[in-house]
6 protein chains.
Amino acid sequence: MEKSQIQAASELQSRAAGITTFMKLPHTRDLAGVDVAVVGVPFDSGGAIRVGARFGPGAIREQSKLYLRRFHRTFGFTPFDVLKVVDYGDTPVIPELIETSFDLITGDVAPIVEAGAVPLSLGGDHAVSLPLLRAVARRHGPLSLVHFDSHQDIVDSYYGGRVRYNNGTVFRRAVEEGLIDPSRSIQLGMNGTVFPGMFPQESEALGFQVLPVERVAELGPERTAAAVHERVGGAKVYLSFDIDVMDVSVAPGTGAPEVGGLFPREALGIVRRLAGLDFAGIDLVEVNPLFDAANMTSILAANLVFEFITLLAIRKRDQHA
Amino acid sequence: MEKSQIQAASELQSRAAGITTFMKLPHTRDLAGVDVAVVGVPFDSGGAIRVGARFGPGAIREQSKLYLRRFHRTFGFTPFDVLKVVDYGDTPVIPELIETSFDLITGDVAPIVEAGAVPLSLGGDHAVSLPLLRAVARRHGPLSLVHFDSHQDIVDSYYGGRVRYNNGTVFRRAVEEGLIDPSRSIQLGMNGTVFPGMFPQESEALGFQVLPVERVAELGPERTAAAVHERVGGAKVYLSFDIDVMDVSVAPGTGAPEVGGLFPREALGIVRRLAGLDFAGIDLVEVNPLFDAANMTSILAANLVFEFITLLAIRKRDQHA
Amino acid sequence: MEKSQIQAASELQSRAAGITTFMKLPHTRDLAGVDVAVVGVPFDSGGAIRVGARFGPGAIREQSKLYLRRFHRTFGFTPFDVLKVVDYGDTPVIPELIETSFDLITGDVAPIVEAGAVPLSLGGDHAVSLPLLRAVARRHGPLSLVHFDSHQDIVDSYYGGRVRYNNGTVFRRAVEEGLIDPSRSIQLGMNGTVFPGMFPQESEALGFQVLPVERVAELGPERTAAAVHERVGGAKVYLSFDIDVMDVSVAPGTGAPEVGGLFPREALGIVRRLAGLDFAGIDLVEVNPLFDAANMTSILAANLVFEFITLLAIRKRDQHA
Amino acid sequence: MEKSQIQAASELQSRAAGITTFMKLPHTRDLAGVDVAVVGVPFDSGGAIRVGARFGPGAIREQSKLYLRRFHRTFGFTPFDVLKVVDYGDTPVIPELIETSFDLITGDVAPIVEAGAVPLSLGGDHAVSLPLLRAVARRHGPLSLVHFDSHQDIVDSYYGGRVRYNNGTVFRRAVEEGLIDPSRSIQLGMNGTVFPGMFPQESEALGFQVLPVERVAELGPERTAAAVHERVGGAKVYLSFDIDVMDVSVAPGTGAPEVGGLFPREALGIVRRLAGLDFAGIDLVEVNPLFDAANMTSILAANLVFEFITLLAIRKRDQHA
Amino acid sequence: MEKSQIQAASELQSRAAGITTFMKLPHTRDLAGVDVAVVGVPFDSGGAIRVGARFGPGAIREQSKLYLRRFHRTFGFTPFDVLKVVDYGDTPVIPELIETSFDLITGDVAPIVEAGAVPLSLGGDHAVSLPLLRAVARRHGPLSLVHFDSHQDIVDSYYGGRVRYNNGTVFRRAVEEGLIDPSRSIQLGMNGTVFPGMFPQESEALGFQVLPVERVAELGPERTAAAVHERVGGAKVYLSFDIDVMDVSVAPGTGAPEVGGLFPREALGIVRRLAGLDFAGIDLVEVNPLFDAANMTSILAANLVFEFITLLAIRKRDQHA
Amino acid sequence: MEKSQIQAASELQSRAAGITTFMKLPHTRDLAGVDVAVVGVPFDSGGAIRVGARFGPGAIREQSKLYLRRFHRTFGFTPFDVLKVVDYGDTPVIPELIETSFDLITGDVAPIVEAGAVPLSLGGDHAVSLPLLRAVARRHGPLSLVHFDSHQDIVDSYYGGRVRYNNGTVFRRAVEEGLIDPSRSIQLGMNGTVFPGMFPQESEALGFQVLPVERVAELGPERTAAAVHERVGGAKVYLSFDIDVMDVSVAPGTGAPEVGGLFPREALGIVRRLAGLDFAGIDLVEVNPLFDAANMTSILAANLVFEFITLLAIRKRDQHA
């Protein structure tokens, strides 16, 4: 579906042309029949040192338009033949007001969930996962969280208790609010230096399973993915992918880069093996084009989003088979 | 008109958000009631040394979205209260095929002209002015050309006659095709080194008036603009603005930069004084973001496009008054 | 004073070496005998589209260290022979909490004012002028404001009244709080497109005098400076210099760049003629290195800060003469 | 040979100095006694989305001059002691005319082949391999193709049949023209998303062997190289290396970057094991400095070209032994 | 120790704020009780093609301030709880005078060694290791050298004997001066092209053990580290880490980049296994921010420096246990 | 002369192609009949804070190749029809050895002077003017110096007398060595902050005339040029143009940028009016591409070099007339 529109364009237009949407998908708020809505959340007031993730959705869209083709080479099919996917545009946000922005985000994404579609959200900083989880969990929660990140983001508060909502506290808040079920959740790729409040044990105390980057490297993609499947079981999953789980040399355009992270083939190797999970929501966050080099982070991110769409297509295809 | 849609957005969204169109204007191909259609022509196979102008329309749209507000401070009104302006998207182009692309461009823009609207085109390299002129002249030609540029672009051919269509031959072709009337046309800002085929006398031999940059500087904006009005009289005008008429230090992001060109206040001073001319078509070409610094060229270009819209609004307002 | 320390360094060290402070001034919080304290305010949550001004103080310090020498060539003396100047470091700020940050800023700068010194603050976005004015006005207010900017920053609120504190509302708040006396205040350099709430008349309704950039250009530096002196009279002055008053081609590294702004010689020509004013506080804001080209904005800013120090030195020298 | 000239330079000159040729080799069109001619083909009108590969030859030369030394550390000898290598300069090209440019390229490179030397060509986009193959196959063809790339470049046509010559169709044309023998040819490293016309099976239908990147990774360098040797047998080989076979994080400066590609040690591991093949022509294409980061792509490319020269030297050395 | 000062800052300040020192450590020349002094050596006249390493210490400090947290996740403790670490600032240097600069560097670092602390030096180009070794060896020498680098840096002289002191001759000079004991020294990671004077055998002739990058890759981190321990035995160690041992794609910001070097996880894997060695001095050199992409080289370097501090802390902790 | 060779190239080659020399002039050391030899001096160890001017000659050549055409539009002729101009390549230099490099430079340039040609040298930092003056003055000296610069470069020594040869002392040394006659020399454009040893009076004490930038601005190009003609009389002239005389916003790529400097039209206006002077040598120095933005400094520099060639052509043409 939407095929004719896209192919007609490709016949007479170079890929550099046209108004930019994710993979040149139709930009609409009409959710009738939609399976997946790609939605931007251009919010970055959630505490990052390096600000600028508000430009993430635009950058990912731009690179997706230039470099992504519609057929998945290794899975051997076109996900858009199975799924109806649209570009829903961006949610409203107010940079000066975090909690108001959260309400705006939840309110804007909720109709996607209510329409039975999966919101595939492009951050923005990681703080946006909280309002996104609220929108998804309202219908499907508490959710199993599959969380790729160099950091666990379960700090209780910053600045002596003054700040409780930002990109470092998001999953503690999500647990407190009952949006996710830690006992079916897993955090992968933890890396870099830490301070108190960021220790693996603190996630474990909340009930999460934690696979630091050294363990992921040791297990390899196949056994890592198996660990995820085992942890999740058949639960409804929210996948949150912080691009900083990748090594700084492959994803420099992010807010809190770390050394020793995942490389592309590892990440693809794990992600592709998540096929079969029952995703209720997905986000990819912390792409910050202001610090990127040659758009490599946005290109990587755009490819990952296409992989996520493919995972959703496989699930739908196999259910209908 | 369209006001409600735009203002509602501004109330709950930061300017970095949303799908990018020129000044967040509605993106549509519906020309009913439209006065001005902003249209991108992402074509750069017209011979530039520095390729990349295909990314010009996207860059201008992006900067327009971030930094332009809707009210013209010095003229004291909102052009969008007078004019209905839309973002028509990009024309089809095929980078490998110049003449086929010209036909595609003319064919895509012609409906704008036929609907009685003014096409305000964003290049692309200067070669695109030829198919644009064809579309406009079909209804309004032969046109008076008002041409800002460091170069006259009236070379007969390149590579020993092998290449007759590119960004250096465009206005000779336009004269030959009867699209413009040189006796009512003027070229302003000629600058930099030349080779045979680019001499001022060669433009004059075709019937153009030429004001090199030294003469423009000497006259100042007021008398320069007066010279344009005098030359044009009441004719239908096609305004072609090559951003390389600006000094390389203010517009580095272009294909053939020159030293000693116009500075912003000079350019604004002339352009604003063109109010009253009867524009049938306008283009702004040769913005090349691959060579820009800190987006300064795209920001300048976006502001100029807003000035052009304002000129069109003044004309309409004053005619109706 | 401090001379021995600085000269000793210069004898055996290249200028690229050493911990970075403004012009390699001593970094201290000891205010005894201090005339001027350079202080960074690395806060940028005040609503800019382009975030990143939090990196402004660091960038200005870095460039000041590399390229500034201690003697003022045109005034013919070394301001540091007259004034004791220190680098006070940065104020605390919490990016997520605007109003809390304001209190932290005011609280950190107040001791400078109380010690009888002038705070010379490096932004940060323009929102920081409000807490800085609070600190200065507590002792010296209501102040005469001399305000260089492309924008008047007197918007009442954004997002339908939801946001009252950011970089666009700062001087309306300052008037409401009685920190400045509009009848002795002047805004210079207004430029670019606007929306309702930004019109010159709205500043004038508050009591300000407004000289848009076209008027500043017409008057020239000498008469512009005379207009400032006349407006201010002998009042205590707060000078707020938003770098976006400069043309985008000379100061691209800023949050809301405009075309047609001041050029360096104009700015220096006006600023140097402000000698004699009785400055109680000064800030230079909106330098954003994330969008700069070749550090040109930071180099310009560092030079302006040195000019401001020189103005303070002239005042002190002439009073003691 | 040429040693004295090069060593004399190295004694009194820093490596940053001098007119830039590949590794400071002599720039000449005199082919007497020449074994290898490095030749630039600065053509990029072959359809890439990201234009700019015309600047590839210059960038590779520049980096080769700065960072390459003449002795191969792991093979333990100086290839220039065995081979006479020259920098032949660039072929003529006319950006606006693809097929004319092809003729110019073939005509300019043919004398190298006729003189018994190997052309080692620096692209330009991948379209240039067609005229290069024509020049080489005229004497040595049909050739065995060893093709490193993320894409097979065997699309039949673009834009509904309108475009048959560009960087995506090059090897289908080469098969049709009888320049290469698919049954002795192999394509390695296929990666990324695809559209119809790019499927592995479509290459296989033409007779090629295809090793996608997943298979190359699985085999490792040693077995991958063995597969190449087996496929090629003793045939005359044309090696075409598209830099986009590398992961986008190690070679961002290219026209169609992909995620999950080869890393440097893999590429070196395979290439070095191609020693013994009988190369009649080699090209390295799609280096685009306009999108590079810190020249990393050009540095990688320059090192690969040195490896290719070393392969040629090993062949000659071992034949003479 | 120093904890209160650092934690207080972290409570009310964003990490972007404040005067920049390494990890916001106190900047002091008071060595009482100090275990480790981080010291910058901003000197780059040692012969690099790509100059600019003088900006290395500043860049590493800046990134350490933004992205490093104080707790080592994998070793499970805070090195600053065991060690007193200060930022000693930069040594004096005179770019025009290499040998004078060497004396200044040795003289400035000697007091650190005499106070019983370990100098952890940030280059600057590799030439600075010679004066640093002089300062350390005066008390602890001859030292065991553990040297990570793509190059052995044991060339005898450049420019026909005219230049004996630069970044390519440093360890031959160190052997000649008796500062290091080659029989207990090891060089790891040699990579790239070479010229005579750079051959592994030439290092071996001086008595060094050499592990080229291919051997390091083959051994893996664990056995590589074991080889270092075996070679060093219980000797006092000087660790010199040239960032160019890393692949150009992960550390482009350096003077002599090579393809095929170490990747982050390999480097971390080896370095962390050096725990237990008795380090008398450490340097990290050749970070050149002028050629970096997105600060990735400086971020990597800052992390490595933190690893080095941790190694020193482990040694002290275990000795006291 | 050389015309056929150059025109043939232009007929079949895009300007991006070919080995890079200044304006694609022939690269030769054969001085027979040569009027002007463009020569690079890639030396930057002369003390600049921002190193990298060694890359200046390469950058100027590259931009000259891309953007300069052979006919001078305002003077109305082709200087190459009057003059034989060659690209002589670069002089040898040894970065580590300033005084040895000076001897190498003088020795390499002297044959140009002896052959009766004018050396037109591309720096490198300003220190290179001393060895260049030595080469020229040996035959034509003492010379009248026409010196454009933000700085007078007559400091006696740096680092407490330790450094007497660098880019800040060059003209004091030249006076001491009798290479220039200060009483017929003039320094124009002095700008920015200073320290003792850089005061205008110190130049005047040596016998120079000094026109600071404020005076140049006040006089305008015509009267400034007249002042130069008056000062010089009929003497043999050495023109030294430091690109930092331009405002940092138009020439950011330089070692000691200043705010308030010349703008392009001013510089061109003065330079073009120097026609008639009897130039024995010319240099353009301090272009540093490592700090440039969008090549704007190199493009400006290349244009200035073409203007200098034109001045030489006018002199020869008028003498022969």
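These legends go with close-up views of a predicted model.

**View 1. Chain A as a whole.**
Chain A is built from nine helices and eight strands. Its radius of gyration is 18 Å, close to the 20 Å that the globule rule gives for 321 residues, so chain A is as compact as a globular protein of that length. Along the principal axes, the C-alpha atoms of chain A fill a box of roughly 55 × 45 × 40 Å.

**View 2. Burial and contacts inside chain A.**
Buried residues make up 69% of the 321 in chain A. Now take the contacts in chain A between residues at least 6 apart in sequence. Of these, 77% join residues at least 24 apart.

**View 3. Where chain A meets chain D.**
How many residues does each chain give to the contact? Chain A gives 26 residues, and chain D gives 22 residues. On the chain A side, the elements that give two or more residues are α1 (3–12), α2 (56–67), α8 (264–272) and α9 (296–320). Which of them gives the most? That is α9(A), with five residues. By class, the chain A side of this contact holds 15 nonpolar, five polar and six charged residues.

**View 4. The axis that relates chain A to chain D.**
Why do the copies meet through different surfaces? Only 8% of the interface residues of chain A are also interface residues in chain D, so the surfaces differ.

**View 5. Chains that stay apart.**
Chain C does not touch chain D; their nearest C-alpha atoms are 15 Å apart. Chain B and chain E do not touch either, and their nearest C-alpha atoms are 15 Å apart.

**View 6. Two helices crossing in chain C.**
Helix α3 (residues 98–114) and helix α4 (residues 129–140) of chain C have axes that come within 8 Å. They cross at roughly 35°. Is the crossing of α3(C) and α4(C) left-handed or right-handed? It is right-handed.

**View 7. The residues at that crossing.**
From α3(C), the residues in contact include F102(C), I105(C), V109(C) and V113(C). On the α4(C) side, L130(C), L132(C), V136(C) and R139(C) are among them. By class, the contact of α3(C) with α4(C) has ten nonpolar, one polar and four charged residues.

Note on methods:
Residues numbered from 1 in each chain as written. Chains lettered and ligands numbered in written order. Predicted model: local features only at pLDDT ≥ 70, side-chain atom pairs only at ≥ 80, totals over all residues. Contact = placed C-beta atoms within 7 Å. Helix = DSSP H or I, 4+ residues; strand = E, 2+ residues; numbered from the N terminus. Nonpolar A, V, L, I, M, F, W, Y, C, P; charged D, E, K, R; others polar. Rg over C-alpha atoms; globule rule 2.2 N^0.38 Å. Buried ≥ 20, exposed ≤ 12 C-beta atoms within 10 Å, placed from the backbone. Axes fitted to C-alpha atoms, helices over the stretch in contact; angles between N-to-C directions. Left-handed = near helix turned anticlockwise from the far one by under 90°.
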